[in-house]
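The sequence and structure come before the details.

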Amino acid sequence: MAFLDPATLEAGPVRLEPLTLQHAGPLAEAMGDDRPADLWFARTPEPADLAADIATKLAAAEQGQWLPFVVLQDAVPVGSTSFLHPQAEIPSVEIGATWLGPAARRTGVNTVAKSLLLTHAFEDMHCIAVEFRTHWMNQQSRAAIARLGAKQDGILRNHQRMPDG
């Protein structure tokens with residue numbers, strides 16, 4: 001069994017299943033009129049770029065570096081989330097690259113999805129640590145992470161290039 005084996009996780013109306021290229025269209029629809037590029041501090045793909053974004057994640061998954069999920073609410077794709085930066089030798093993993101379409105925000109879907117991922121990471125993958133990262137300016141994401149009970153361990157500066165360069 002590989003550290004990042006694909007899994008399907010479910011609780012109530014929320015289901016996480018392995019992301020595929022077939023999810024690109026429904027996920028673009030879930031984005032609606034959202035303008036991800038307006039959030040300079042986030043890495044949410046534009047609807048037209050979803051297929052390429054998914055292909056990149058799937059290529060990383062083949063290398064054992066990423067495990068992307070589609071987030072479904074009542075069997076309808078509403079967003080995406082992932083396990084990334086796995087460290088099987090520790091073991092630890094990051095939960096991130098999460099976005100939800102406007103209709104799914106502040107509905108509890110994110111909390112259930114994160115709970116499913118945390119449970120899977122600690123109970124099935126036997127992780128001793130799970131990491132969340134978000135940009136300091138992304139107040140919504142920081143608040144959502146805090147609501148999960150996560151503790152801020154530090155602030156990273158200049159550790160990655162943002163979409164605006």
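A salt bridge is counted when a side-chain nitrogen of Lys or Arg lies within 4 Å of a carboxyl oxygen of Asp or Glu. The model is predicted, so local features are reported only at pLDDT of at least 70 and side-chain atom pairs only at pLDDT 80 or more, while totals for chains, interfaces and linings use all residues. Residue numbers run from 1 along each chain as its sequence is written, and side-chain values use heavy atoms, with hydrogens and water left out.

**Salt bridges**

By this rule there are five salt bridges. Glu-10, Arg-15 and Glu-17 are linked in a network of them.

| Pair | Closest N to O distance |
|---|---|
| Glu-94 and Arg-133 | 3.9 Å |
| Glu-131 and Arg-133 | 2.4 Å |

Helices (H or I, at least four residues) and strands (E, at least two) are DSSP runs, numbered from the N terminus. Both Lys-57 and Asp-53 belong to helix α2, residues 50-62, where they are four residues apart, about one turn of the helix. For single residues, buried means under 20% relative accessible area, exposed means over 50%, and partly exposed is in between, with a 1.4 Å probe and protein chains only as cover. Lys-57 counts as buried because its relative accessibility is 7%.

The salt bridge between Glu-94 and Arg-133 links distant parts of the chain: Glu-94 is in strand β5 and Arg-133 is in the loop between β6 and α4, 39 residues apart. Glu-94 is buried, at 5% relative accessibility, whereas Arg-133 is partly exposed, at 39%. Arg-133 also forms a salt bridge with Glu-131. Glu-131 has 32% relative accessibility and therefore counts as partly exposed.

**The sheet**

Two strands are taken as paired if DSSP finds at least two bridges between them. Six strands form an open sheet with mixed pairing, in the order β1-β2-β3-β4-β5-β6. The twist averages 25° from one strand to the next; axes are lines fitted to C-alpha atoms, for helices over the stretch in contact, and angles run from 0 to 180 degrees between N-to-C directions.

Strand β5 covers residues 92-100 and runs parallel to β6, with four bridges joining the two. Ser-92 is opposite Ala-129 of β6, and Val-93 has Val-130 in β6 as its bridge partner. With β4, the pairing of β5 is antiparallel and has six bridges. β4 and β5 make a hairpin with four residues between them. Seven of the nine residues in β5 are buried, leaving the strand mostly covered.

Helix α3, residues 109-124, packs on this sheet and touches β1, β2 (14-18), β3 (66-73), β4 (76-87), β5 and β6. Contact here means heavy atoms within 4.5 Å. The direction of α3 makes about 160° with that of β5.

**Loops and backbone**

In the loop between β4 and β5 lies Pro-91. A cis peptide bond joins Ile-90 to Pro-91, with omega of about -15°.

Which residues other than glycine have a positive phi? One is Ala-75, with phi of about 70°, in the loop between β3 and β4. At 66% relative accessibility, Ala-75 is exposed. Another is His-126, with phi near 60°, in the loop between α3 and β6. His-126 is exposed as well, with a relative accessible area of 55%.

**Surface patch**

Trp-136, Met-137 and Ile-155 make a nonpolar surface patch of about 290 Å². Patches are made of residues with over 30% relative accessible area and no salt bridge; like charges are joined within 9 Å and nonpolar side chains (Val, Leu, Ile, Met, Phe, Trp, Tyr) within 5 Å. Accessible areas come from the Shrake-Rupley method with a 1.4 Å probe, and for residues only the protein chains shown count as cover. Met-137 is in the loop between β6 and α4 (139-147), and its 43% relative accessibility makes it partly exposed.
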